[in-house]
Amino acid sequence: MAESAAAAQQQQRKEIYTYEAPWTVFSLAWSNRIQHNSQFRLAIGSYIEKYENSVQILKTRYTQHHPQAEPIMDIYSACTIEHPYPCTKILWSPEGIKTPRGVGNFGSRDLLATTGDYLRLWSVSPDDEKGGPESGLMLKSKKEAMLNNNNKSDYCSPLTSFDWNEYDPSIIGTSSIDTTCTIWDIETQQAKTQLIAHEREVFDIAFSAGTDVFATVGADGSVRMFDQSNLEHSTIIYETPNLEPLLRLEWNKQDHNYLATFKVDSLTTTILDIRVPSMPVTELGGHHNCVNAVAWAPHSSCHICTAGDDSQALIWDLTQMSKRSVEDPILAYNAEAEVNNLQWSSSQPDWVSIAFANKLQILRV
């Protein structure tokens, strides 16, 4: 009996589900809503080197291939959205945290945002026109807004990334190659503020706790922290030794003193403590090729996942990082190809998703 329970537990730990897309998968995001008819719901974006690109919204269902067989969960595309140029990032509205303002005029609408040439907002709803076997399975989308960070011209500067504020879901911050960041009020569809954040391209932006503080990284090799209540000044938290560009930035969701970032074409991920500027707390190695993505565990302040061109996704335990260097990951997963992106589900923290080649994989950790 104990053996069978252990075997079942082992099987549960090894759960992996794969979806094959018709194109290379680059951007991806977990939905923050728990669905009654789908264990998981994600959005993925294509990387095609031309104007016409796509976003797919994926759901799961259980299929029984013959009467005696156990139902098997599979992932299917419930909706496809035509998208100009590849998405640099996708996020679903952060609904998990109760806020005084809620989601304002958008009410209970299920919102998705993307960046590329513009910031776009989409609402998603059940496609009631689908009948028969597809009844209740499919979704439809509607474009709610398209916001241009250059209000003086129809020309737009491409957006490299964005973040959706978890404490006030009416706020989105975008970063651009034109050295600026823009803080948007998506209810009014107006820019609240726009500032020159770096001396060169800004590659990423992330909000800290609350609505005012955010950090950015860019091609000038610096991590900068801003407070919207005093935008005349910013704090440089860290600069790379030779001012090598920093590509991505992730704020620890449980302990906002810590940030993770990595350089372009770097094999390591840098962990920073904003209370001790300029000096990394630790550097995470482990990868044999450049790091492409990093994600903190949403439910733990001391676990983080990194992924890269060596086809590995590595999970690290940072409990002792202030006392000694972190040499080895506690978990390693080898994908079939270079991992382009990864996300850790905030609504279901036992699950991580990775994107490689034309596949999305969901892994139980």
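Which residue forms a salt bridge with Glu 15, and how far apart are the closest N and O atoms? I started there, keeping in mind that this is a predicted model.

**Entry 1, salt bridges.** I found Arg 364 as the partner of Glu 15, with 3.0 Å between the closest N and O atoms. Glu 15 sits in the loop between helix H1 (2-13) and strand E1 (16-20), while Arg 364 belongs to strand E28 (residues 359-364), so this pair ties together parts 349 residues apart in sequence. I then searched the whole structure and got 13 salt bridges.

I looked up the volume of the largest pocket and noted about 810 Å³. Its lining has 35 residues, and those nearest the centre are Asn 32, Glu 166, Lys 253, Trp 344 and Ser 346. I checked which strands supply at least two lining residues each: E2 (25-30), E6 (89-92), E10 (159-164), E14 (202-207), E18 (246-251), E22 (291-296) and E26 (339-344). E14 gives the largest share, at four residues. I sorted the lining by class and got 18 nonpolar, 10 polar and seven charged residues.

I have 32 residues lining the second largest pocket, with Phe 26, Thr 88, Arg 248, Asn 340 and Asn 341 closest to its centre. At least two lining residues come from each of E2, E6, E10, E18, E22 and E26.

Which residues form a nonpolar patch on the surface? I wrote down Ile 330, Leu 331 and Val 365, which together have about 250 Å² of accessible area. I traced Ile 330 to the loop between strand E24 (312-317) and strand E25 (331-334).

I went through the pairing of strand E12 (residues 180-185) with strand E13 (residues 190-196), and the sense is antiparallel, over six bridges. Thr 182 has Gln 194 of E13 standing opposite.

Definitions and conventions:
Residues numbered from 1 in each chain as written. Predicted model: local features only at pLDDT ≥ 70, side-chain atom pairs only at ≥ 80, totals over all residues. Heavy atoms only, no water. 1 Å grid on protein atoms, 1.4 Å probe; cavity = no way out; pocket = protein on both sides within 12 Å on 5 of 7 lines; lining within 4 Å. Points joined across faces, edges and corners; volume = space filled by probe spheres on them. Nonpolar A, V, L, I, M, F, W, Y, C, P; charged D, E, K, R; others polar. Patch = residues over 30% accessible without salt bridge, like charges linked within 9 Å, V, L, I, M, F, W, Y side chains within 5 Å. Areas by Shrake-Rupley, 256 points an atom, 1.4 Å probe, with all protein chains shown as cover. Salt bridge = Lys/Arg side-chain N within 4 Å of Asp/Glu carboxyl O. Pairing = 2+ DSSP bridges.
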